[in-house]
Amino acid sequence: MFGTLTKATRTEVDQRQRWEAEWRSRFDDFNRQHREMEDALKRKHVSELKGLQDDIQKSIKRVALEVQKTRGQTAPSPRTMTKISENNMERLVSLYHKHGQE
């Protein structure tokens, strides 16, 4: 009788340990997938920010080249500089808004 009870208890303990190991494995897989997705999203955001930074730098260089072509005789108007600045800020804000939604 005692041997049967010990065997049943041992079986239950083994089943519980297998069950816990399986769920621990599933939870670890879920956490790994979650970290991978976060890393992929972060890489995407960084690449989009770098692309925007490059575009902004190109627009600034374009304006600087235009000034250089005229040998500094004409500087860009304040309205042009404000327009470029506002355009860049709008693009940056919309990108951050998009990232916030993701």
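Seven salt bridges are present in the structure, which is a predicted model, and the stops below visit some of them.

Begin by selecting helix α1, which covers residues 2–69, and show the side chains of E22 and R26, which lie four residues apart in that helix and are thus separated by about one helical turn. These two residues form a salt bridge whose closest N and O atoms are 2.7 Å apart. If you colour the residues by accessibility, R26 comes out as partly exposed, with a relative accessible area of 44%, and E22 is likewise partly exposed, at 38%.

Staying in helix α1, select D29 and R32 next, a pair three residues apart and again separated by about one helical turn. Their salt bridge has its closest N and O atoms 3.9 Å apart, a value to read against the cut-off of 4 Å that defines such a contact. D29 is partly exposed, with a relative accessible area of 34%, and R32 is partly exposed as well, with 36%.

Now move to E48 and K98, which form a salt bridge with the closest N and O atoms 3.1 Å apart. Here the pair links distant parts of the chain, since E48 sits in helix α1 whereas K98 belongs to helix α2 (residues 78–101), and 50 residues separate them. K98 is partly exposed, with a relative accessible area of 36%.

Notes:
Residues are numbered from 1 along each chain as its sequence is written. This is a predicted model: local features need pLDDT of at least 70, side-chain atom pairs count only at pLDDT 80 or more; totals for chains, interfaces and linings use all residues. Side-chain values use heavy atoms; hydrogens and water are left out. A salt bridge is a side-chain nitrogen of Lys or Arg within 4 Å of a carboxyl oxygen of Asp or Glu. Helices (H or I, at least four residues) and strands (E, at least two) are DSSP runs, numbered from the N terminus. Buried means under 20% relative accessible area, exposed over 50%, partly exposed in between (1.4 Å probe, protein chains only).
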